[in-house]
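Trainee: Could we go through this model together, beginning with the ligand and then turning to the sheet?

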Amino acid sequence: MSGSTFGKLLRVTTFGESHGPALGVVVDGFPAGVAVTESDIQEYMNRRKPGKNPLSTPRSEGDTVEILSGVFEGRTTGTPVAMLIRNTNQHSSDYEAIKDTYRPGHADFGFDQKYGFRDWRGGGRSSGRETAARVAAGALCQLLLKRLGIDCYAYTESIGSVKIDPSAFERSAITETATGMPDRDADRKAAELVAAMAGEKDSIGGTVVCIAEGMPAGIGEPVFDKLDATLSHAVMSIGAVKAVEIGDGITVSQKKGSENNDPFIPGGNGRIEKKTNHAGGILGGLSDSSPILLRAHFKPTPSIASVQDTVDRDGQAVRLSVGGRHDPVIVPRAVVVVECMCAIALADALLIGMSARADDIAAFYSGNS
Ligand SMILES: Cc1cc2nc3c(=O)[nH]c(=O)nc-3n(C[C@H](O)[C@H](O)[C@H](O)COP(=O)(O)O)c2cc1C
């Protein structure tokens, strides 16, 4: 099993290695009639690609997306949407040194144990580059969410000890700052921290927050496919994510029920609303129409240039300094990856949610007869 498919009705399958000819994705089950161009998808690809600013690895991957199928006359046809991203800037020789050596913090050892050998060039399927294909699929799902009036966006909340000030939140800064922070002052401080880490041949971790506004209530499935469970699955499957929180997350274990519960209140137009949103928009695994709030914790980039202890394939002790072109922090490039994985999980949940009520199914088919 390679576990390369995510989703139930909307099935996203990614393929390709970082140093092979190309990466790609097939999105099956995507509804017909959504207007899409390659430049709509490319906009998201550009947010992920490296080499854009001093915080990012100097690898200059083009990350140009080609739509191969499933789109005709500018609209999805309902057939599988296949998208390809050709690899153009591989430096496989950078990885010769780790061919027979296990990088601490990376997937090398596990891959050898599982398969008996591995594509050591750039990390193969465990490369951060694999996420380019996820972004292409997520960009497509974002078009569907927008059509439904759902605004799903992510940003960098913290890098190391530098955290954004929520009162300085500026949405446009997310795509304008090098860190992906919506707070320009915090961005400056975080950029200094990242530069210091690079100077020390080290790396640093951080957090990404994703928010989805406009989700209708009742989306998600009550037992194994709770919305918080499927969102966590989607985001935890991104390389280097080590924890996912929903709403107030880990802080709830220290709260009283009276502090943590969100009182329901009558809203406008007969709507039911909540006074607060500690739950992060999900109760019982179902959306409750408040914004969905998710936080992903990223570990520091494992490939670092400082010397570390490790072993080779024969178990002999080795001193290793990882060369090549690695980000001193993963978070800024991962913002759009988190956003896109959430968009995929939400789009799938919305499609599944359409079959919950017999009345809705009957109304749909009577309208079509
Ligand atoms: C967008 C993105 C970029 C990444 N870039 C790098 C990198 O340049 N060097 C590296 O060692 N790891 C990088 N990673 C992290 C590895 O892919 C990840 O740590 C590795 O596969 C081991 O998996 P785990 O951390 O989930 O255990 C990146 C991850 C993402 C999501």
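Trainee: Which residues come nearest to the ligand?

Mentor: This is a predicted model, in which local features need pLDDT of at least 70 and side-chain atom pairs count only at pLDDT 80 or more, while totals for chains, interfaces and linings use all residues. Residues are numbered from 1 along each chain as its sequence is written, and side-chain values use heavy atoms, with hydrogens and water left out. Of the 17 residues around the ligand (a heavy atom within 4 Å), those that come nearest are Ser126, Ala240, Lys299, Ser303 and His326.

Trainee: How much of the ligand's exposed area does the protein bury?

Mentor: Among the polar contacts (N or O atoms within 3.5 Å), a backbone N or O atom of Ala240 lies 3.0 Å from a ligand oxygen, and a polar side-chain atom of Lys299 lies 2.8 Å from an oxygen atom of the ligand. Taken alone, the ligand exposes 630 Å² (Shrake-Rupley method, 1.4 Å probe), and the share of that area buried by the protein is 89%.

Trainee: In what order do the five strands of the open sheet lie?

Mentor: Strands here are DSSP E runs of at least two residues, numbered from the N terminus, and two of them pair if DSSP finds at least two bridges between them. The edges are strand 1 (5-6) and strand 4 (65-67), each pairing on one side only. The pairing is antiparallel, and the order is 1-2-3-7-4.

Trainee: Which residue in strand 2 does Phe6 stand opposite?

Mentor: Strand 1 runs antiparallel to strand 2 (residues 11-15), and two bridges join them. In strand 2, the residue opposite Phe6 is Val12.

Notes. Polar contact = N/O pair within 3.5 Å; in protein donor to acceptor, adjacent residues only side chain to side chain. Helix = DSSP H or I, 4+ residues; strand = E, 2+ residues; numbered from the N terminus.
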